[in-house]
Amino acid sequence: MDYRFSEIERFAAQKWAEHNIYKVENNSPKPKFYVLDMFPYPSGAGLHVGHPLGYIASDIFSRYKRLNGFNVLHPMGFDSFGLPAEQYAIQTGQHPAKTTKDNIARYKEQLAKIGFSYDWSREVVTSEPNYYKWTQWIFIQLFNSWYDKNADKARFITELEEIFRQNGNTTVKAACSENTPTFTAEEWNGFSEKEKSECLMHYRLAYLADSWVNWCEALGTVLANDEVVNGVSERGGHPVEKKKMSQWFLRITAYAERLLKGLETLEWSDSMKEMQRNWIGKSKGAMVSFAMKGHDFNIDVFTTRVDTIFGVTFLVIAPEHDFVKMITTDECAADVDAYVKRAASKSDIERQAEAKETSGQFTGAYVIHPFTGEEVPVFIADYVLAGYGTGAVMAVPSGDQRDYLFAKKYHLPIIPILDAQKDLEHQADPTKEGTYINSEFINGKDYATATQMLIDALEQRGIGYGKIQFRMRDAGFSRQRYWGEPFPVYYENEIPKLLDIQHLPLELPEVASYKPAGNGESPLSTAKDWVQALGEGKTRETDTMPAFAGSSWYFLRYMDPDNKDFFVSKEAQTYWQDVDLYIGGTEHAVGHLLYSRFWHKFFKDNGWVSTEEPFKKLVNQGMIGGVSKKIFYYNFMDGKEKLNQNDVYFSEDLFKIFSPDNSTNSGGGSNAVENYLINYKGFTQQQIIELFNLKSKPVYSSISPIYVDIKYVNGNELDVKRLKKECSQFANANFITNKSDVFLCVSENEKMSKSKLNVVNPDDVIAEFGADCFRMFEMFLGPIEQHKPWDTQGIGGVSKFLAKLWRLFAMDEQGHPHFSDGSPDKDALKTVHKAIKKVTEDIERFSFNTAVSAFMICVNDLSKNKTNHKDVLEPLVVLLAPFAPFTAEALWEKLGHNGCIAAEGVWPTFNPTYLVENTVNYPISINGKVRAKLDIAAQATPKEVEEIVMKDDIVVKWLEGNTPKKVIVVPGRIVNIVL
């Protein structure tokens, strides 16, 4: 009986379903192990072959742990709130819930084909009201909490209000906004309800504030910093600008220190930890106040180099800083306004990127140096961000290269401040070596001494203080979208208030249009009845929560998905604790992974979870890239005018010939095209004109690439007939083949995406080769953490391996196996135990590609020895089960088992005695040259080895009657004879 993967897959899937084999309980005498994939957004395109890479790896490990006696939680769900569904709804009018439901069904169908061991009874879908009810509840808890720095944990806001009633806030040490006012108990008790609300907003972990945000007009929403790439939206590539809006924020900065410390306890890659450390960006320094000349306020600056303060020759504030309009003089107003507009069109990344050119604009205002009393000019510059620190920096040209370039450009002084600074005529020198000069009372001091003296002086004079600062900003939590969690918030007399928990979930209303309202408000604002549903004077919040809200805690809901009373019971969380193994991409380093850690620590503060960190071990899988195919078409040009009316495409190996750079005549590449068509394709001049439908004689040609779907390409050869038949875009196009009458495409390794027409559907691969072949081939492509292109050249080898494994069972046409009698031979046992050792070690270190190689070697050796003994094949089948579960399940039955391998199988134990060699093949070296090789018992002593060697006929022949001067026996390695 041949290996028939379709029949095998149907058999195994039915058996798993009948036994409900992957359902797991929250109580078991077995040790627990929680394996989790980063759950997907269910896009309309479904899965491509790159998506399952991490899922297959986690499934292998889950099955491996289950076979090793663990109670394994391995769930799956869907991060189903998101912009793509909303964009589709805008285009089609179809409700996002409908498309999301359909897409999830498609995903589950595809996942089932690949044979994952998910417990689908625990499925979570973040857009389902029974799930986002708890996301809304968590937001309420964050709103009703503040962070006590003394206790180093979150506390209820009611406790803070009690402190204010008795003592005011002068003694409170809390995580709060920079502009938090101070007040006495008497003042607090005299505040109005609105004043108290505004004051508490400075402390709440979920708070409302006016802030500069990343506004995307095309998407009609605010984007988080990690959703903006190179100045455009990550989704769609739309322009992003800075805009001031009232937004909800989460005070993640309160947990910055704990987020840093927690990294030390995690089994994550060093690179991933470093990404989070850099994002959090802890720095030690000082806050310094510069008094504004002619105004009654200061500009506060945070600096990590307070020691350079005597080198300050100008101050720079962000173009969007609140003070810009207040301090700009009439003479500078027009130039400042123009600069502010230009800066608003740049992303934070663009503005902070290192550049040779710096730009800025003088405001006409001055601050007073806190120590020298000198006037210091104030500029605006786009490299300073309002959202980082105070939005202002003190510029020290002699110690900072960007300040140096700025000073040179605007002819500002450059003051040396350390005697060790060098080459200030050409560049800044940021050294901390040497002693200070031109620096008043710290002259002659070293860095450490000067820094402490300056901090002491700032604090004594009341013009500053030492401070620890973090680069990370509070997380923007408002989106002007429809398809997201509604906030459980309403406004009364401009005061934000919360819905009663008993009214959760607050569900999304029906709307006439899913488009943003166009005024910075979400589509929810158009649902007037819903907005006003709470009665006169009360209006609902119309923004929705961001995509990361539901994904920040989903791993806990898997532990207790049906709990209607709490988001996770104490019993379930105590049992499962945390995620033992989390697999996902590095792109979530400073988004989902950071937010989840923040929320989990908040849960820990409230006693809802027992662990400080959610993800114990993290493995980042690489990306499987696509291989795109491009073809080139020619435009014959006269200036900017395109002369040809017809599209004409040329084989890839021709475009170098036709390139204008390779033409020596004045006609550019157009003459080379004509020559080729005339000389090799038999065209006449008139036929060429007709081919291109030229309006006039071309001056030169231009080459433009276009993607073609990879399904029309075999290797690099384009199936022109099929392409023209199936794609209307190319129906009337002309394709010029090469001299061999073949049309070749250009290949390019790129990210797999619909826009590049290089998506490979796993369903197609499975239909041709089977699910187990697909699983093993994905692992065989290379190390799990590395990026690699999808290339099916090696998939045939994996397919042949599975067929060869199947043949070891010597099945007849009815599928009945035949096994050897007696005991298996030593070579067979040695082969399978080498595989047991290798595969076990490889799984533990996530080296799945080398494990697949070990399987191939094992089966090849067993096939050569014609081994089909049960005692050899059964451990091999169990060993294979995590990688090829369908095949292993079918073979498990052939071995005589009635149940499922996941329930009955036990991971084979490696026996090292089977790998002990009985003999050693000794090379015999005579005067440095190997003259013979002898098999000698492994337990033979060196003296016994020498005696055997000296009696060997070949050795005796080479000795020619001479007595050796030395015989050196290296046990188990070699025998050296010196004559």
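Colleague: How far is the sulfur of Cys-773 from the closest cysteine sulfur?

Modeller: A disulfide is a pair of cysteine sulfur atoms within 2.5 Å. The closest cysteine sulfur to that of Cys-773 is in Cys-858, 18 Å away, which is too far for a bond, and by this rule the count comes to zero disulfides. This is a predicted model, where local features need pLDDT of at least 70 and side-chain atom pairs count only at pLDDT 80 or more, while totals for chains, interfaces and linings use all residues. Residues are numbered from 1 along each chain as its sequence is written, and side-chain values use heavy atoms, with hydrogens and water left out.

Colleague: Is Cys-773 buried or exposed?

Modeller: Buried means under 20% relative accessible area, exposed over 50%, and partly exposed in between, with a 1.4 Å probe and protein chains only. Cys-773, at 0%, is buried, and Cys-332, at 12%, is buried too.

Colleague: How many aromatic pairs are there?

Modeller: A pair of aromatic rings is described by the distance of the centres and the angle of the planes. Rings of Phe, Tyr and Trp (its six-membered ring) pair if their centres lie within 6.5 Å, and planes under 30 degrees apart count as stacked, over 60 as edge-to-face and the rest as tilted. The count comes to 79 aromatic pairs, among them Phe-371 and Phe-441, which are edge-to-face, with 5.5 Å between centres and 75 degrees between planes. Phe-371 is buried at 10% relative accessibility, whereas Phe-441 is partly exposed at 29%.
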